[in-house]
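I am starting a notebook on a structure that I have not looked at before. My entries go from domains to chain contacts, then to helix packing, and end with some details of the backbone.

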Protein chains: 4
Amino acid sequence: MHPIRVGVNGYGVIGKRVADAVLAQPDMHLVGIADIAADWRIKSAALRLPVFAATDAARQAMQDGGVHVRGSLEEMLADCEVIVDTTPKHIAAGNIERYRAAGVKVVLQGGESHATTGHSFVAQANYASAVGRDSTRVVSCNTTSIVRVLGALDDAGLLGRARGVLIRRATDPWESHLGGIMNTMVPEPTIPSHQGPDAQTVLPDLDVVTIAAKGAHTQTHTHFWTLQLTRQASREDVLAALRAAPRIAFVRMSDGLVALNSTIELMRDLGRPRGDMWEVAVWEDLVTVTGDEAYLTYQVYNEAIVVPETIDAIRALTARVPDAHASIRLTDESLGIRQDFLLPAQPHGHHG
Amino acid sequence: MHPIRVGVNGYGVIGKRVADAVLAQPDMHLVGIADIAADWRIKSAALRLPVFAATDAARQAMQDGGVHVRGSLEEMLADCEVIVDTTPKHIAAGNIERYRAAGVKVVLQGGESHATTGHSFVAQANYASAVGRDSTRVVSCNTTSIVRVLGALDDAGLLGRARGVLIRRATDPWESHLGGIMNTMVPEPTIPSHQGPDAQTVLPDLDVVTIAAKGAHTQTHTHFWTLQLTRQASREDVLAALRAAPRIAFVRMSDGLVALNSTIELMRDLGRPRGDMWEVAVWEDLVTVTGDEAYLTYQVYNEAIVVPETIDAIRALTARVPDAHASIRLTDESLGIRQDFLLPAQPHGHHG
Amino acid sequence: MHPIRVGVNGYGVIGKRVADAVLAQPDMHLVGIADIAADWRIKSAALRLPVFAATDAARQAMQDGGVHVRGSLEEMLADCEVIVDTTPKHIAAGNIERYRAAGVKVVLQGGESHATTGHSFVAQANYASAVGRDSTRVVSCNTTSIVRVLGALDDAGLLGRARGVLIRRATDPWESHLGGIMNTMVPEPTIPSHQGPDAQTVLPDLDVVTIAAKGAHTQTHTHFWTLQLTRQASREDVLAALRAAPRIAFVRMSDGLVALNSTIELMRDLGRPRGDMWEVAVWEDLVTVTGDEAYLTYQVYNEAIVVPETIDAIRALTARVPDAHASIRLTDESLGIRQDFLLPAQPHGHHG
Amino acid sequence: MHPIRVGVNGYGVIGKRVADAVLAQPDMHLVGIADIAADWRIKSAALRLPVFAATDAARQAMQDGGVHVRGSLEEMLADCEVIVDTTPKHIAAGNIERYRAAGVKVVLQGGESHATTGHSFVAQANYASAVGRDSTRVVSCNTTSIVRVLGALDDAGLLGRARGVLIRRATDPWESHLGGIMNTMVPEPTIPSHQGPDAQTVLPDLDVVTIAAKGAHTQTHTHFWTLQLTRQASREDVLAALRAAPRIAFVRMSDGLVALNSTIELMRDLGRPRGDMWEVAVWEDLVTVTGDEAYLTYQVYNEAIVVPETIDAIRALTARVPDAHASIRLTDESLGIRQDFLLPAQPHGHHG
């Protein structure tokens, strides 16, 4: 079977990672990436990837900067089966018509609204319902982590009510010289924050409320959950439910992984590209269960967590791999996703 | 009646503020402050306060630095009726014998254990039980805020179960060149964190669980609460309960007070000494009530919040002012404590 | 003699401090402050100051927010002899016509260009040339500090060539939830940076080059200088030159003042309003002289350092106090400006 | 020829990078790494590297944690020809006897004093003098960058007097939850700082003075230089001198590389292991020359810059590659070191 031909529009935090992940898939071919920037981001991309210009002005600027431009966005689309749009928040909606005109299937990201595609995607939760669709939206990093973790507990019949406090990183490292926050925290101006309802676009029956704030750091979100369980449960019950789900990995304070930066450094030590962590990192020794209440703390590497979901979404739209587990396994093996960072990699089959 | 003669041992973040607050009380006299440091902290104190040396070595170092030393700690104690010990965590316990020997009453701070004095103090909750005692412990900044806020809801018969996430400042500004955290968060290594049980030393019947972490900022803690109420309630019910308690002030996102640093700047603009905020600052427009659940977010100025409690604790021990409300009113008026920072000061009598 | 009637247009970082400083002068009267904001900044100002609205829209918004508005900017101007414009960078130039129409004298701030007024002001350097003028510009915080320090060395005949590296705070605390930098530094995109030429608007003969960058902190700039002296000199020669100038204060590492935050905390301990430091804080024990080279490091409290200069500029324009030293002395005594923060205040007369 | 057998004692920031770089050399074999830690750092190392225990206690702790320990430090040394000691500052000196006893050659790092080995090393400056020695010391990250850059200008006959301000990162990312600085800067307590004399251990004739301070960020140092040239020179003269030296790469503000974090992100985008930058990144468009003065700003990726020097030092000690350029070329090609990050890689031969 010929590989799925994929283009990526928007070469930012997510787009560049999606491009790399597409390159790593045995069943995909990266047609190219398109953007409107013409600076170091594109110049470095052009050293290794086919670059297209999303606008005429961008094309000129890229060429003026010495970048070899392969063509326009439309020319890239003409060669694609699926386009992944990772342009900034709310820009993608305006691109939909261009994609429809080109007859390509579309994967959007979590900055767009659910209504734009009518389908929101997290692989472990609803891959099947995306199979063969024209488009879907991979939900945001925070929402993806919520669906993975709360979904796992729900699958195990344990989840009653979930109340979470989400402390978000303030800005991404690459743009932390602009628009950051310094020596402060910034609470979201409304409670509940939008992540709860957003998770319900994937799992409508979740009873979830989130309170969010920005913290004065640039990498990874942290979620603190108080969970009302459906019954008195043991700590092992909760751990087993989490172990049964993909893309959740345990870390332990007792291993010295005691802060966000510890885990981030571990990813660098593991040789991950860009130091990425695609897994939700749940602190195993902070999982606490008392009666019918559980407390969970986990870390979300916001720059990368949606990348495997995006790869699965590409496959689902093409209907080339109808089975969720097959796609998840393919993605996870190609990227090197793990269940425990400090144990030798395990065969994948033990997932649910 | 002659004023209460007070000494302060430990001229750090809390001690220097307590000294200033004692100076502001109409019924107290500051005998002096004692410390073991001999650097800028003591040199600047000596420009305006009587300085005593807590050890012989400190006395020598102070004198070498040109500080006029009034005497030893024992000499200070000999002139005191009450000593406030604000030495670093767990040091005070070792000082107790010196205080007993001097026959002075003792106010400890929240770094010490409840067992050291057998009594833990928050003015609005248990002033009466401290009246005439030999010693008490003013609980920590986080715990003080919890008792003020949850206590207020409990007094109104509204509080069922309280689950809170506490994001603490990482270090205080004066020592932020040492031992800080950078671009990360550090979760407490156990759940529940100690603040819940600590609040129960004052209000034993609270059903409270806290999860804590350090954030990458130097000023003020933030608490995010999910509250199970005892009944379906209105938002106004919750606000009214908070308004009835002292030392809680509302701030509003709609006034542009949208982040920790906004409130901190407001305190500077209000002319507060050192920019202190003694009140718990509850975001009024983040108070959200849905059915029998309420969500609360507030800010705790950790450097100053225990100062009014410490002043009340001094009065309670001496039994000079047997009534809690009378002491609270005296303290609050002398410091300029408010219920709303952006409205003209109101007459105090409307407190419960 | 009736007091000088002063208005302040722009109630931001500088404006609010200028308003307070005007209130502290025995020979000035604050007519009021004007602004276009209507949030907590103005609501708190209105608790203690006469507030005017700089635009009709602002007036409406202020009144909607419950602020008692005294009138329009024009109404305020009608009552003023001098207006201090502290509006954001480059806004003041557009206000000049309004001020001229009202017949008031004008003090601008360093964000404006020298050309707008044709005169740039630092009290110790060129007070006399501002006496009786219609307008002047108080230079920026960095430039003010440069003129004070290099000017002092120049007055002593010591200064040859000055090469400085200026590490600026990234943003002010009150707006540090917006537009800050995180975990990075941002060099100015050109060398030399503008501060050298700006200092030459006051002292045209300075041989000065500056290189600037933003650091990841919110309070105070730091300047590191390499100075070519006119001759072999002793460390004492340099110290004596600095001691002879006003508004320079020594701090010492040996007193434990080892970092920016140490000095900032000291200002809080000294009871300074808003923790302000009007003086340039030169690290005395970092003053190093080797042959004909000297190295200097000092700290500039950017929020406050131009306040005394602004007060002097007001006086100079009115020609009420023709003598620079008389005005400086009046300003410094009213604010409590010092030459050494850890020694008892000295009589002022020993200044040059 | 059999490969050089190398061991690394100390698996920290430098040690883990040296181990990876040794693995990348065609003429070297990594015997293993030794450490005293037993936490995530060693557990992750053990997934891919032979791990030895530097002490018996460490061996026990490692084994208790499930780490497969290959043996003791002595057992590792018995199999090594060269040991690279990257233990914390001043520990290595105490290890020297163990290394001598084992008959291995020793490469120390810049935390140790020059006297410990009697030879300090920067490849481009003095490779030849290290050939065949028993030991050498690779100088620190700051010093390495100074020797590379000032050495290049000196080689071109341009360098007179160099005066630099060095703003250091406060702590490394992996330990930024401990001992960091927050919202402040910390000047070194003496001027000159030690880096100038340290550079003279390699290039004794440099006329260099440095002033240093810590900034509130965790990655990369920045150096700001004012250089007195030996003659009136053009900007192109300076650029040419820098281009002629290895391990200096130009970056440009005009490419959008405007802050430390921009360059750091570029390294991630280039697929560098751990995002490392081995080159000194000189801002080309900040190179400014006026008459006989030049101003330079560059960025030093402190976690990685000494790695190529360490590899060269290993080769020099063994005398296997007597020629500096040959070793530098081998190292640079194996790591992928570049002269310009945004241009296609050039053939190496154009180096001096």
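**Entry 1, domains of chain A.** I note at the outset that this is a predicted model. I looked up the domain assignment of chain A, and found that it gives domain 1 as 4–139 + 306–335 and domain 2 as 141–305. Taken over C-alpha atoms, the centres of these two domains of chain A are separated by 25 Å. I then asked how many residues of domain 1 of chain A are in contact with domain 2 of chain A. The entry I wrote down is 18 residues of domain 1, in contact with 22 residues of domain 2. On the domain 1 side of this contact, helix H1 (13–23), helix H7 (123–130), helix H12 (306–318) and helix H13 (324–335) of chain A each supply at least two residues, and the largest share, 4 residues, comes from H12(A). Sorted by class, that side of domain 1 has 9 nonpolar, 5 polar and 4 charged residues.

**Entry 2, contacts between chains.** I turned next to chains B and A, whose contact takes 29 residues from chain B and 29 residues from chain A. Which elements of chain B each supply at least two residues of the side that touches chain A? I listed strand E9 (159–169), E10, E11, E12, helix H11 (260–269) and strand E16 (293–300) of chain B. The residues on this side of chain B divide into 18 nonpolar, 10 polar and 1 charged.

I also looked up chains A and C, where the contact takes 12 residues from chain A and 12 residues from chain C. Here the side of chain A that touches chain C divides into 4 nonpolar and 8 polar residues, with no charged ones.

I followed helix H12 (residues 306–318) of chain C, and began with its packing against helix H7 (residues 123–130) of chain C, where the axes are 9 Å apart and the angle is about 20°. Angles under 35 degrees count as roughly parallel, and H7(C) and H12(C) are therefore roughly parallel to each other. I recorded their crossing as right-handed. The contact is made by Ala123(C), Tyr127(C) and Ala130(C) of H7(C), together with Glu309(C), Asp312(C), Ala313(C), Ala316(C) and Leu317(C) of H12(C). By class I have 6 nonpolar and 2 charged residues in this contact, and no polar ones.

With helix H1 (residues 13–23) of chain C, the axis of H12(C) comes within 9 Å, and the two cross at roughly 55°. H1(C) and H12(C) are therefore oblique to each other, and H1(C) passes H12(C) in a right-handed crossing. From H1(C) the contact uses Ile14(C), Arg17(C), Val18(C) and Ala21(C), and from H12(C) it uses Val306(C), Val307(C), Thr310(C) and Ile311(C). These residues divide into 6 nonpolar, 1 polar and 1 charged.

In chain D I looked up helix H12 (residues 306–318) and helix H13 (residues 324–335), whose axes come within 9 Å and cross at roughly 135°. H12(D) and H13(D) are therefore oblique to each other, and the crossing is right-handed. I noted Pro308(D), Ile311(D), Asp312(D), Arg315(D) and Ala316(D) of H12(D), in contact with Ser327(D), Ile328(D), Thr331(D), Asp332(D) and Leu335(D) of H13(D). The division by class is 5 nonpolar, 2 polar and 3 charged.

In chain B a cis peptide bond joins Ile191(B) and Pro192(B), with omega about -5°.

I then checked two residues of chain B with positive phi, neither of them a glycine. His90(B), with phi of about 70°, has its place in the loop between strand E5 (82–85) and helix H5 (92–102) of chain B. Thr220(B), with phi of about 75°, sits in the loop between strand E11 (207–215) and strand E12 (221–229) of chain B. Is each of them buried or exposed? His90(B) is exposed, with 11 other C-beta atoms within 10 Å, whereas Thr220(B), with 26 C-beta neighbours inside 10 Å, counts as buried.

Conventions
Residues are numbered from 1 along each chain as its sequence is written. Chains are lettered from A and ligands numbered from 1 in the order in which they are written. This is a predicted model: local features need pLDDT of at least 70, side-chain atom pairs count only at pLDDT 80 or more; totals for chains, interfaces and linings use all residues. Axes are lines fitted to C-alpha atoms, for helices over the stretch in contact, and angles run from 0 to 180 degrees between N-to-C directions. Angles under 35 degrees count as roughly parallel, over 145 as roughly antiparallel, 65 to 115 as roughly perpendicular and the rest as oblique. A crossing is left-handed if the near helix is turned anticlockwise from the far one by less than a right angle, and right-handed if clockwise. Two residues are in contact if their C-beta atoms, placed from the backbone, lie within 7 Å. Ala, Val, Leu, Ile, Met, Phe, Trp, Tyr, Cys and Pro count as nonpolar, Asp, Glu, Lys and Arg as charged, and the others, Gly among them, as polar. A residue is buried if 20 or more other C-beta atoms lie within 10 Å of its own, exposed if 12 or fewer, and partly exposed in between; C-beta atoms are placed from the backbone. Domain bounds come from an automatic or database domain assignment.
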